[in-house]
Amino acid sequence: MSQTDNTPHAPLNRESIRTFVIDACGGEPELVLEMVEFFLQSATKLTAEIETHLAANNMPEARRAAHSLKSGSRMFGDDTLADLCWRAEKSAEENDRGIVSELLPQIQVALAWLCNELPVTSRKMLEEGP
């Protein structure tokens, strides 16, 4: 079953968010929220890059974009998106355009979910404190 089939998105990994975002920013709310916004903008661009490179049949660049999105997603606590990107990265590496094409809509749905969830979760975590 795919993300587009309304498969539930795993909750964000709060430990990753605490370690790689909140603690890394010294717990400064404005800095944390700026970092979250920057990541979400970058993630949106990387997703568009996957789509562009897929359309151009440039699998090495699609792989690179999926790899970058995977790493950032994991740091920002989204294991679901990171796992989808890992699968896209491996498929692109194997030059399997069909699998990457199947994964792209799932990546887009997962990213849309993250764009809604990450700012809310980050704010709640900041309010809760260490």
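Confidence in the chain is lowest in helix α1 (residues 14-22), with a mean pLDDT of 95, and highest in helix α4 (residues 79-93), at 98. Here pLDDT is the predictor's confidence in each residue, from 0 to 100, and helices are DSSP runs (H or I, at least four residues) numbered from the N terminus. The model is predicted, so local features need pLDDT of at least 70 and side-chain atom pairs count only at pLDDT 80 or more, while totals for chains, interfaces and linings use all residues. Residues are numbered from 1 along each chain as its sequence is written, and side-chain values use heavy atoms, with hydrogens and water left out.

The chain has an average pLDDT of 93, and 95% of the residues score at least 70. Over residues 1-5 pLDDT stays under 50, and for these the model has twelve contacts beyond four places in sequence; contact means heavy atoms within 4.5 Å. Where pLDDT is low, the predicted coordinates should not be read in detail.

The axes of α4 and α5 lie 9 Å apart, and the two helices pack at an angle of about 155°. Axes are lines fitted to C-alpha atoms, for helices over the stretch in contact, and angles run from 0 to 180 degrees between N-to-C directions. α4 is therefore roughly antiparallel to α5, a term for angles over 145 degrees. Residues of α4 in this contact include Leu81, Leu84 and Cys85, which meet residues of α5 including Ile99, Val100 and Leu103.

The axes of α1 and helix α5 (residues 97-128) come within 11 Å and cross at roughly 80°. The two helices are therefore roughly perpendicular to each other, the term for 65 to 115 degrees. Arg14, Ile17, Arg18 and Ile22 of α1 make the contact with residues of α5, among them Leu118 and Glu128.

One aromatic pair is found in the whole structure. Phe39 and Phe76 are stacked, at 4.2 Å centre to centre with 5° between the planes; rings of Phe, Tyr and Trp (its six-membered ring) pair if their centres lie within 6.5 Å, and planes under 30 degrees apart count as stacked. Phe39 lies in helix α2 (residues 29-55) and Phe76 in the loop between α3 (59-75) and α4, so the pair ties together parts 37 residues apart in sequence.

Definitions and conventions: Angles under 35 degrees count as roughly parallel, over 145 as roughly antiparallel, 65 to 115 as roughly perpendicular and the rest as oblique. Rings of Phe, Tyr and Trp (its six-membered ring) pair if their centres lie within 6.5 Å; planes under 30 degrees apart count as stacked, over 60 as edge-to-face and the rest as tilted.
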